[in-house]
Amino acid sequence: MAASPPFASLLLKLAAASFTTAVAFLAFRRHLRDETIAALRRDIRASLLRMREDDAADGDPKPNRRGPPVVVIVGFPAHGKSSVVNTACRALSGEGGPFLARAEAGPSGPSTGVKTRRVFRVAVADPDGGRKEKVKEADGDGEEDDGFPVVDLVDSPDLPEAAKMTQADVERALSLVSPPPECALLVMKCAGPHRIVLRKLPEIAGVVREKGLHLVVVLTHKNALRSMKEAEELRREVALRVKSDCVYLMENYTATGKGTIISNPSAFKNSFSTHCNILAIIRQCIEFAAMHRTHRQSKAKKLSNKTLCIRED
Ligand SMILES: Nc1nc2c(ncn2[C@@H]2O[C@H](COP(=O)(O)OP(=O)(O)OP(=O)(O)O)[C@@H](O)[C@H]2O)c(=O)[nH]1
Ligand SMILES: [Mg+2]
């Protein structure tokens, strides 16, 4: 039976109203998401600028200045260290469009990746201003990028396979970095067998703490987990083993995903969850780096005061 004209027009109006509501809801959600990302970037920029001001106020001659905070990325082979660098570069510099890899990520499976330490100096885009951001490989001399708040991400050579790893390997991975790291980011993948890796976590966390550094853990390949419950259980177990709540789950941006330059450049879309996670991780690392710096400075001051007292005596 055909609907009568008033009833049909009512249906049409209802459909139009529902469509408008859905569009408004999507636009509002998009706005909220953009605001969240912008707020995270603003926080990161503010922390970096504060660190730079403190550094300048310290009055040290230039050679003693620390420069940008240094975050070392450590982990077992092919767990996603280089991909974390690439994801961080994309999110921090506010990039859109096709995927652009800065760090060389190897194929999945046995590690074939970079065996030398590489430092990536990443400038953080200003969410409220122009897009003058850039990423470059740093020469490690502590020089600031002119005017941009920057952070140094060190893609370190991997640790040996978990079964063969010793404390000395972790120490070596941390001490190879120059200038010395101010925070450590441990990368571990959720996919595949990880019992042996989990067993090694307390050892790694112990060495990192002995070096006076804070540890942040990122669990990559998040999409390989079947449920939220599984993800939460893994997160809790890792947090327990490393004795820290700073454990994040994340799906990296990778060159093998859909929408890369080769497959379909226009199809690569930023993910809200990946952006949020990596920015939260970097913000945490910078906060830890700032704490580490303050602690070192106050220790150095105490030491110099003591020396002065001894000389006066
Ligand atoms: N699905 C998925 N793949 C990832 C993720 N992170 C990394 N990969 C893939 O895992 C493989 C290894 O990643 P890399 O970033 O090269 O890992 P790595 O730790 O730097 O490896 P080595 O330097 O060789 O030890 C690559 O094929 C990446 O594309 C992730 O979160 N999800
Ligand atoms: Mg690598």
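Predicted model: local features only at pLDDT ≥ 70, side-chain atom pairs only at ≥ 80, totals over all residues.
Entry 1, strand β4. I began with β4 (residues 150-155) and found it mostly covered, with six of its six residues buried. I then sorted the residues by side: Val150, Asp152 and Val154 lie on one face, Val151, Leu153 and Asp155 on the other, and both faces are covered.

Entry 2, the neighbours of β4. I looked up the pairing and noted that β1 runs parallel to β4, joined by four bridges, whereas β2 (residues 118-123) runs antiparallel to β4, joined by six bridges. I followed Leu153 in particular, and it is the bridge partner of Val71 and also that of Phe120.

In α3 (residues 167-175) I listed Val170, Ala173 and Leu174 as buried. Looking down the axis of α3, I saw that these buried residues fall within an arc of 95 degrees, so they line one face of the helix. On the face turned away from the buried side I found the exposed residues Ala168 and Ser175. I also checked what covers the buried residues of α3, and the cover includes β1 (70-75), β5 (183-189) and α4 (195-210).

I turned next to α4 and α5 (residues 228-242), which pack at an angle of about 40 degrees with their axes 8 Å apart, in a right-handed crossing. Here Leu198, Leu201, Pro202 and Ala205 of α4 meet Glu237, Val238, Arg241 and Val242 of α5; I classed the residues of this contact as six nonpolar, two charged and no polar.

Definitions and conventions
Residues numbered from 1 in each chain as written. Chains lettered and ligands numbered in written order. Buried ≥ 20, exposed ≤ 12 C-beta atoms within 10 Å, placed from the backbone. Arc of directions from axis to C-beta. Contact = placed C-beta atoms within 7 Å. Axes fitted to C-alpha atoms, helices over the stretch in contact; angles between N-to-C directions. Left-handed = near helix turned anticlockwise from the far one by under 90°. Nonpolar A, V, L, I, M, F, W, Y, C, P; charged D, E, K, R; others polar. Pairing = 2+ DSSP bridges.
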